[in-house]
Amino acid sequence: MVMLTILIVLLSWAYGLEGADVVLSCSLIEEGGGMGGMMGGSMFKRTPSTLVFRDLVGNDDLSPELVTPYNPPETPNADDLIFELMLPSLQIPNADSLLHADCNEQEVVCEISRYVPRGADPDSLPAHFISSVQLEGSGLSLTLVLQTLSSETAESYTPPLMQSKLNLPLSQSGTLLTEVVFVVFSRVPSVMAPIGGDAVLDCGFKQKDSIPGQDVTLEWRLQHRGNGHKILDMKAREIETEVGSDVLVEREGTSAEADLLVRDGNASLTLRRLKVTDEGRYICTVGSGEFQTQQVVQLHITQPPRVTFSVEKLAFQDNTPQKLSCHCHRYYPLDVQVEWLSQPPFVEEPVSFSKESTLSSHQQHSDGTYSLSSHLILRPDEHPPGTVVTCRVSHSALDTPTNASLTVDKLEPKTAFWTGIVLMLVISVLFLYQAFKSTGEFHFLTLQ
Ligand SMILES: *[C@@H]1O[C@H](CO)[C@@H](O)[C@H](O)[C@H]1NC(C)=O
């Protein structure tokens, strides 16, 4: 996928107060283009194109100064690829995030290609296209099915201009007039959840002119490291006021709601008691009537490390260096960063000792989590008593690094105790010797 920077050039008060337009720069993808991608060997050809969402959202929170009107090219050009999208009755959820993407300098991936509805003749009119729009950061991801509209040229004498590449009639303003007839979307295409927790993978769909009582199919697949397998398969329909469904679940603690699917277009998947093996790309495929398309939701399992030291107290007996280990327990995913800091008393800034530390290899537990230790040799001259030694661990599951700290003690109390005992003994022996000597002398003298 090629990342294209968003190009919201135009927002307009179309016809006064109807809504705002959004313009995205997009790529038309065609199969079998000999020119290929720059990565080499690509069987797809990309052509720059433009997607214009007409009246995308209400204008409640837009100030008129922000809005620049969309002007179609002055002279229609048969080589231009401008897809003009009408959203008849379809409300795209969170569509306003498309409007704000420009201000937030978010990136948008937009691709468009030909689409053939189920059972349709590929060459018949109206023609169909499928477009995927992904907004980085804000988390909106859309897959739209577009259907060409016959343009308003019925009474005009001149035949319409034909788009050179697609051989489809252009509107008088030089755009390919289409309407969105089906959309599968996710408002949260990337989800993070801890081991043992639950996750709801958001997926939904909207359809123009859906026929009451028709089957809606939903399939969720998990794709991980090249392997794919089905998680859930559902077929549901509303008959009278009842929703009937056939459901096949391939993972324990998994559910989707047939009622919500048929009535609200909510195709979300709930996964309970998450394990590391649940991580991956989930593909939500919704089919209704002649349309079927999909949306990807990424599930990341995260577990923050627990950080401990190998000892509870640290003191130097003499000039012998001591080894201190910092253990990071049971985290996921694999990447973890360990930093060592030391701050002697009366020193303003801690000093980094990370370069002198060594790492153990990762240990993987049966639940898929990892543990690792970092070791540092502490020399007494560099870490006098009162020094605060810190092990700082950064991990993607942590918003801020976790610290473990230890203060270097004065001489170990045990050593002081033995030194005291020895001193006492020496003093006592000296005293007794003196006493013995004096009494001995006295005795000796009396004997004489
Ligand atoms: C969709 O359904 C799920 C339950 O399957 C629920 O948790 C979620 O909130 C629903 N989403 C919306 C937007 O209603």
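This is a predicted model: local features need pLDDT of at least 70, side-chain atom pairs count only at pLDDT 80 or more; totals for chains, interfaces and linings use all residues.
Biologist: How do β15 and strand β16 pair, and over how many bridges?
Modeller: Strand β16, which covers residues 269-271, pairs with β15 in the antiparallel sense over two bridges, where strands are DSSP runs (E, at least two residues) numbered from the N terminus and two strands count as paired if DSSP finds at least two bridges between them. Within this pair, Thr254 stands opposite Leu271 in β16. Residues are numbered from 1 along each chain as its sequence is written, and side-chain values use heavy atoms, with hydrogens and water left out.

Biologist: Which sheet has β16 in it, and in what order do the strands come?
Modeller: The order is β10-β16-β15, an open sheet of three strands with antiparallel pairing. Its edge strands are β10 (199-201) and β15 (254-255), each of which pairs on one side only.

Biologist: Switching topic, which residues surround the ligand?
Modeller: Around the ligand are Arg187, Glu257, Leu260, Asn266, Ser268 and Thr270, counting a residue as near if one of its heavy atoms lies within 4 Å. The protein buries 54% of the 360 Å² that the ligand exposes when taken alone, with areas from the Shrake-Rupley method and a 1.4 Å probe.

Biologist: And what is 2.4 Å from an oxygen atom of the ligand?
Modeller: That is an N or O atom in the side chain of Asn266.

Biologist: OK, on to β9: which side chains there are buried?
Modeller: In strand β9 (residues 190-193), Val191 and Ala193 point to one face and are buried, meaning under 20% relative accessible area with a 1.4 Å probe and protein chains only.

Biologist: Which strand does β9 pair with, and in what sense?
Modeller: The partner is strand β18 (residues 291-301), and the pairing is parallel over four bridges. In that pairing, Ser190 stands opposite Gln298 in β18.

Biologist: Last one: where does Arg237 lie, and what is its side chain joined to?
Modeller: Arg237 lies in strand β13 (residues 227-239), and a polar contact of 2.6 Å joins its side chain to that of Asp215. A polar contact is a pair of N or O atoms within 3.5 Å; within protein, one must be able to donate a hydrogen and the other to accept it, and residues adjacent in sequence count only if both atoms are side-chain atoms.

Key: Buried means under 20% relative accessible area, exposed over 50%, partly exposed in between (1.4 Å probe, protein chains only).
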